[in-house]
Amino acid sequence: MSWPDWVSDLPIIGDFFDAAEIAESVIFSSYSELRDAMVWTEVGNTGLDTRDYMLAEQSLVPVVWNEAGTEVVSGKWEDINGFVSTDPEDFDIDHRVSFSEIVRQNPSFYDLSLAEQLEIYNDRENLQILHDVENREKSDMAAADYAQRILNPEGRAEFIADARNYWEGLTGRFRV
């Protein structure tokens, strides 16, 4: 639970403050604090968070949903390295240009509102599905370094082009 949620749950505080208003005034003192505040947000008015939206969008077969229709429970996915599975738990939603790289290269990122930061974090143009094991190994690796690990030459070229296009468009879109 984030501290804005915790504060808003206090009986007196919750009556006077909205958690979103508190969150907008948060200033992070370190990358780890910032990273801990990042969450998958709802995509439009779909009722789906970024993760489930991406899983549904990129499944090679129609997905099966939980009873509430808000969480993907099965489908079929193939990541950029050719890993295939029908279990969504085998995949992470991963940033092509790592979030840490975006923040590191753009110190003014901390000056953006939390809503703008979350918009960048959840920007589907910079996201891909990736085998969770591979994602842990990739970690905060720079996109150019990670591209060298992609075995499929066409996949590598596509990854590089997507990462480059995203990086070039980032400055104009978000003023970072």
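Buried residues are those under 20% relative accessible area, exposed ones are over 50%, and partly exposed ones lie in between (1.4 Å probe, protein chains only). The model is predicted, so local features need pLDDT of at least 70 and side-chain atom pairs count only at pLDDT 80 or more, while totals for chains, interfaces and linings use all residues. Residues are numbered from 1 along each chain as its sequence is written, and side-chain values use heavy atoms, with hydrogens and water left out.

The structure holds 5 salt bridges, a salt bridge being a side-chain nitrogen of Lys or Arg within 4 Å of a carboxyl oxygen of Asp or Glu. Lys138 pairs with Asp94, with the closest N and O atoms 3.3 Å apart. Lys138 belongs to helix H8 and Asp94 to strand E5, so this contact ties together parts 44 residues apart in sequence; helices (H or I, at least four residues) and strands (E, at least two) are DSSP runs numbered from the N terminus. Lys138 is buried, at 1% relative accessible area, and Asp94 is buried at 5%.

A salt bridge also joins Asp92 and Arg136, whose closest N and O atoms are 2.3 Å apart. Asp92 is in strand E5 and Arg136 in helix H8, 44 residues apart. Asp92 is buried, with a relative accessible area of 14%, whereas Arg136 is exposed at 55%.

Between Asp162 and Arg96 the closest N and O atoms of the salt bridge are 3.7 Å apart. Asp162 lies in helix H10 (residues 153-174) and Arg96 in the loop between E5 and H6, 66 residues apart. Asp162 is partly exposed at 25% relative accessibility, and Arg96 is buried at 12%.
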